[in-house]
Number of protein chains: 2
Amino acid sequence: MGNVSIETIMTQEPKVKPESNQLAFGTVFTDHMFTMDYTEGRGWHDPMVVPYEPITIDPAAIVFHYGQTVFEGLKAYVTEEDEVLLFRPEENMKRLNRSNERLCMPHFDEELALEGLRKLIRIDKDWIPNVAGTSLYIRPFIIATQPYLGVAPSKTYRFMIILSPVGAYYKEGINPVKIAVESEFVRAVKGGTGSAKTAGNYAGAMKAQEVAEAKGYSQVLWLDGKEHKYIEEVGAMNVFFKLNGEVITPELNGSILEGITRKSVIELLQYWGIPVIERKISIEELYEAHRAGILEEAFGTGTAAVISPIGELSWLDNKITVNNGEIGTLSKKIYDTITGIQTGKFEDPFGWRMTVEY
Amino acid sequence: MGNVSIETIMTQEPKVKPESNQLAFGTVFTDHMFTMDYTEGRGWHDPMVVPYEPITIDPAAIVFHYGQTVFEGLKAYVTEEDEVLLFRPEENMKRLNRSNERLCMPHFDEELALEGLRKLIRIDKDWIPNVAGTSLYIRPFIIATQPYLGVAPSKTYRFMIILSPVGAYYKEGINPVKIAVESEFVRAVKGGTGSAKTAGNYAGAMKAQEVAEAKGYSQVLWLDGKEHKYIEEVGAMNVFFKLNGEVITPELNGSILEGITRKSVIELLQYWGIPVIERKISIEELYEAHRAGILEEAFGTGTAAVISPIGELSWLDNKITVNNGEIGTLSKKIYDTITGIQTGKFEDPFGWRMTVEY
């Protein structure tokens, strides 16, 4: 890929940038985007940075009908020294290729995609918000574009990266959320697509979320699809529990997403010498731990929130409170450390940061 | 809806129609399409028949990222008397609304959609091929169009109907196919989206199909996601088995698609007085029936093939042949009767046909 050049077409109509302190999530997009096309027999071609604009696509495109699409989410931060930092972007590109594999989609050159991302960020650097807690959300995704109604892998694809400046996830301090344990709907099952980052997993999860919200909960805790017994994820995040000084997260089993924040939390805990175990954990065990007084902390992990503490769980109308509904000491320390590394405020002993030179 | 008028914009560049005897499946589209938009607060609006052309859509549209989309498939036929017939289209519109419900998408007026479909077909009537076995494949679908990266139901949608003239599914007589019983991948599980006609189900199924094809099989037979024991579907079809004079099909259980051909086959068998039972059937029971010599016929049912006889099954390298690899008498009779009703050659005692007046 070393010789591939990424053509750039600059916008003639730059948009007005929103104020850093008035940003929401995922509603505003920057002036440019990265695109690259795939054609069977030719491979990936024409990597470009072009003005952000609607795409033109055949209504018969496979993505609309059979959902062949994969995506990633990561963030860029600007430091007080005006450095631009990415958090483990090579992990996202690796996972995107793993998702491709599951969805019968073509492998792409991760280095080239990273170079495209860096080029795009350099061009739209002034869109990175600089108020505490804000960041530039990055969405790489690939869609199947062939106009064909047969159920078969597409012969053409488009790889795109779009950028969205996003506001602080926690505007008024980190408030632990109320979570409903889901007893009817299932997010994924072994043999399905749960471990891939693909659209269908999210479409299927909306109904449970809608029902939970109507009952006053923020998210659902997903149990496994086979026995409705073991904990899998929370909302669109991985989940961790601190039981009697030991941190437990569900082991990767083919239906759980291999989260990059999840991986970072595990590595951080290991670095600190805090016991962290990946294993099956049932909802019964969790409730039993609460009864025994050893359920100390619970939190979700994901790119958007980084750490999302769980303050209350409700399972079949049986409610339990975690750490008096307050964020736990360890949860807070993990949050502060990871966001500190991401934003350049802390040392980065793991080499997690990538600086975007410009 | 009685007062809703469907605006029409005719194409200025009609395409060259393919020869009826040279059609494939789902690769060629007619001159026009039906579109209708949904905006939260306003509901569905602007139903139109417009020239078939690429659509313009934001790269952040929810359909690309979170797969909020549903679809249907049905066919139109032209009779020797030049009548245009649809097969149970109201069932497709009902199911599309059921799929909408599962995917948190807005209900639409089924009568209005049928009126839009009829109007579209009238305009593109000359695209309906008239060689035996050919038909006009109809694809209604709805996509989430809001540009938003939060995981939440879209506030805007587009309903479209596109038409594709398709060739005979069986060009050289009905050849029973070889089927691999899938032991690793899972199509759906109770609590998921298996009973809805939504993109993610099909994206997830491609990998198993790819593996099966590489081994020389046409399709996979899906087992349930919980125990990998009970038969669910075959490829993207429902499945039936004739055991000792009795026809058995897996009961609807939340993970099986409620097929309209499936329903029609059940109703037809009941009309004929042939025992037909919807119940759980395990792959072990099927193999046991074969050993006992009572597995008489096996076939898939779906809109594209109508009836697809199964000639061979392979489960964990254990192969069995059904009816000497030939189409069974009952399978053939069902195929002839349903296609006879669909194409106007047979009487329609069930009221399954809808004539499109023009």
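Predicted model: local features only at pLDDT ≥ 70, side-chain atom pairs only at ≥ 80, totals over all residues.
Local features need pLDDT of at least 70, side-chain atom pairs count only at pLDDT 80 or more, and totals for chains, interfaces and linings use all residues. Residues are numbered from 1 along each chain as its sequence is written, chains are lettered from A and ligands numbered from 1 in the order in which they are written, and side-chain values use heavy atoms, with hydrogens and water left out.

Chain A comprises domain 1 (7-168) and domain 2 (177-343), with bounds from an automatic or database domain assignment. The C-alpha centres of these two domains of chain A lie 27 Å apart. To their contact, domain 1 of chain A gives 22 residues and domain 2 of chain A gives 21 residues. Between them the two domains of chain A bury about 1,900 Å², 57% of it on carbon and sulfur atoms (buried area is the accessible area, with a 1.4 Å probe, that two parts lose on being put together, summed over both). F71(A), F87(A) and R95(A) supply 32% of the area that domain 1 of chain A buries against domain 2 of chain A, more than any other three residues.

The whole structure holds 4 cavities of 30 Å³ or more. A cavity is a set of points, on a 1 Å grid over the protein atoms alone, where a 1.4 Å probe fits but cannot get out; lining residues have an atom within 4 Å of a point. Points are joined across faces, edges and corners, and a volume is the space filled by probe spheres set on them.

The largest cavity has about 320 Å³ of space. It is lined by 24 residues, of which R187(A), T193(A), R187(B), T193(B) and N201(B) are the closest to its centre. Helix 4 (199-214) of chain A and helix 4 (199-214) of chain B each supply at least two lining residues (helices, H or I of at least four residues, and strands, E of at least two, are DSSP runs numbered from the N terminus).

The second largest cavity has about 90 Å³ of space. Its lining includes F87(B), N92(B) and Q342(B). Strand 6 of chain B gives the most to this lining, with 3 residues. Domain 1 (7-168) and domain 2 (177-343) of chain B both give residues to the lining of the second largest cavity, so this cavity lies between them.

Technical notes. 1 Å grid on protein atoms, 1.4 Å probe; cavity = no way out; pocket = protein on both sides within 12 Å on 5 of 7 lines; lining within 4 Å. Contact = heavy atoms within 4.5 Å.
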